[in-house]
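Reader: Could you walk me through how to read a protein model, going from the overall fold down to single residues?

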Amino acid sequence: MGKVYIVGTCDTKFAELDYARSAARQAGAEAILVDVGTQGPHPGADIAAKEVAARHPSGAAGVLEQTDRGKAISAMAEALTVFLQECSDVGAVLGLGGTGNTALVTQAMRGLPVGLPKLMVSTVASGNVAPYVGPNDIAMVYSVVDIAGLNRISRKVIGNAAHAAAGMALHTPALSADDRPSIGMTMFGVTTACVTQLRDMLGQGHEIFVFHATGVGGQSMEKLVDSGLLQAVIDVTTTEVPDLLLGGVFPATEDRFGAIIRTKIPYVGSVGAVDMVNFGAKETVPGVFRDRRLHVHNAQVTLMRTTPEENQRVGAFIVQKLNRMEGPVRFLLPLKGVSAIDAPGQPFHDPAADETLFSTIRAGWQAAPNRQLVEIDAHINSSEFAAALAANFHDIAA
């Protein structure tokens, strides 16, 4: 049973933060008020802003002596991230604030593992919260009124959030009785056949988590890896990389594959659906791409075939990340096509573009005892390729 860490800027929001602390304590939890204000110390906090700021790489001065407010908030967010990760008794984190404190606190929340309760009462929680939440389990609570004084509305909203945080800190859900090793898999519509076969092959002995490779899907999978909740990954579908490099709507971040590099868990990967860049409805495709080979997947998704030159960029991005992996790695190339629509008679069949992708990865590959590049003369959705993925997984994760 951990403590509720209530985080905010005491220089501007002390009354509201103190009310949340009292409410959490009345609900039976031990509550700690953490000040992340940058305008001077406040005597009412349990943890002073200076103590948090000291976790910044440049020390407290790197935060509290900033004259630019935006830079000070960013620096404090960096310090708070480290501070919360160092605390071993966190049962829940509750943040209160407007745009600045929402950005500050949620950045630190995103550094915490999935499963640790995180609530943010925010004035911006009714809009697009994707930049604040990302691939994490952060609960955003709209404050309704501004967090600028206590009144009958703010007391109710803040009190509810404090009671929720207290309840989650006091009553941790029991772990699943399923003790099978967990595998993360990435899938797209055009690689579903491959992943379905893998699930049939491996599902009896493993708990399988499938992630839709829509940008946040890959991020969510890697967040679970960083959180220690996945023991291995079969990354069939790396389509988020071309979207990152070419401006698609389902992009990875520059940290794609980073969790595998950091944790060194067993990794089996491939190049599923990297023959395409994803856009919205056809009329939303950028003008520079209107004359390209396009395929309307549905009314909301239009696919663009990658060229050899683009596949060279994609292959280079992937292979330099693979070369940094120090855990057991197998990376498989399906030489007869990388998606359901990259096959003879299908709209994205382009052996020359695929070969540029494969040759780029071959050329950049740095051989090492822990890593093997495996070429399979089969299509990605074939039973032969699925069996090869499963066999390579067993080789490194048995």
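Predicted model: local features only at pLDDT ≥ 70, side-chain atom pairs only at ≥ 80, totals over all residues.

Reader: Let's begin with the whole. How many helices and strands does the protein have?

Author: The secondary structure comes to 14 helices and 14 strands.

Reader: And what does the radius of gyration tell me?

Author: The idea is to set the value beside that of a compact globule with the given number of residues. For 398 residues such a globule would have a radius of gyration near 21 Å, and the protein has 24 Å, which agrees. Along its principal axes, the C-alpha trace spans about 70 × 50 × 40 Å.

Reader: What share of the residues is buried?

Author: Buried stands for under 20% relative accessible area. Of the 398 residues, 54% count as buried.

Reader: How do I read the contacts along the chain?

Author: Look at how far apart in sequence the partners are. Among contacts in the protein with a separation of 6 or more, residues 24 or more positions apart account for 70%.

Reader: Now a helix, please. What should I check in H14?

Author: Start with its length. H14 covers residues 383-397, which is 15 residues, and reaches 21 Å from its first C-alpha to its last, close to the 21 Å expected at 1.5 Å a residue. Next comes the pattern of cover. An α-helix has 3.6 residues a turn, so residues three or four places apart point the same way. In H14, the buried residues are Phe-385, Ala-386, Ala-388, Leu-389, Ala-390, Asn-392, Phe-393 and Ile-396.

Reader: What do the buried residues of H14 pack against?

Author: Their partners include the strands E6 (182-187), E8 (232-237) and E9, together with helix H8 (192-202). Strands E13 (329-334) and E14 (371-376) are also among the elements they pack against.

Reader: Is helix H9 mostly covered or mostly open?

Author: H9, residues 216-226, is mostly covered, with eight of its 11 residues buried. They are Gly-217, Gly-218, Ser-220, Met-221, Glu-222, Lys-223, Leu-224 and Val-225. The cover over them includes the helices H5 (99-110), H10 and H11, as well as strands E6, E7 (207-212) and E8. Look just after H9 too, where Gly-228 takes a positive phi of about 75°.

Reader: Next, rings. How many aromatic pairs does the structure hold?

Author: There are four aromatic pairs. To read one, take the distance between ring centres and the angle between planes; an angle over 60 degrees counts as edge-to-face. The rings of Phe-257 and Tyr-267 have centres 6.4 Å apart and planes at 85°, so this pair is edge-to-face. Phe-257 lies in the loop between helix H10 (240-246) and helix H11 (258-263), while Tyr-267 lies in strand E9 (residues 267-272), so the pair ties together parts that are 10 residues apart in sequence. Both Phe-257 and Tyr-267 are buried.

Reader: And the pair of Phe-279 and Phe-289: what is its geometry?

Author: Here the centres are 5.7 Å apart and the planes are at 35°, so the pair of Phe-279 and Phe-289 is tilted. Phe-279 belongs to strand E10 (residues 276-279) and Phe-289 to the loop between E10 and strand E11 (294-298), so this pair, too, ties together parts 10 residues apart in sequence. Both Phe-279 and Phe-289 are buried.

Reader: Which charged end sits over the ring of Phe-257?

Author: That of Arg-256, which is 4.8 Å from the ring centre.

Reader: Finally, single residues. How would you read Ile-260?

Author: Ask where it lies, how covered it is and what it touches. Ile-260 lies in helix H11 and is buried, with a relative accessible area of 2%. Beyond four places in sequence, Ile-260 touches Glu-222, Val-225, Val-233, Ile-265, Tyr-267 and Met-325. Of these, Glu-222 and Val-225 are among the buried residues of H9, and Tyr-267 is the ring partner of Phe-257.

Reader: Is Ser-122 buried or exposed?

Author: Ser-122, in strand E4 (residues 118-122), is buried at 0% relative accessibility. Its contacts beyond four places in sequence include Gly-97, Thr-102 and Tyr-142.

Notes
Residues numbered from 1 in each chain as written. Heavy atoms only, no water. Phe/Tyr/Trp six-rings, centres within 6.5 Å; stacked < 30°, edge-to-face > 60°. Helix = DSSP H or I, 4+ residues; strand = E, 2+ residues; numbered from the N terminus. Buried < 20%, exposed > 50% of the residue type's maximum accessible area, 1.4 Å probe, protein only. Lys NZ or Arg CZ within 6 Å of the ring centre and 35° of its normal. Rg over C-alpha atoms; globule rule 2.2 N^0.38 Å. Contact = heavy atoms within 4.5 Å. Expected span 1.5 Å × (residues − 1).
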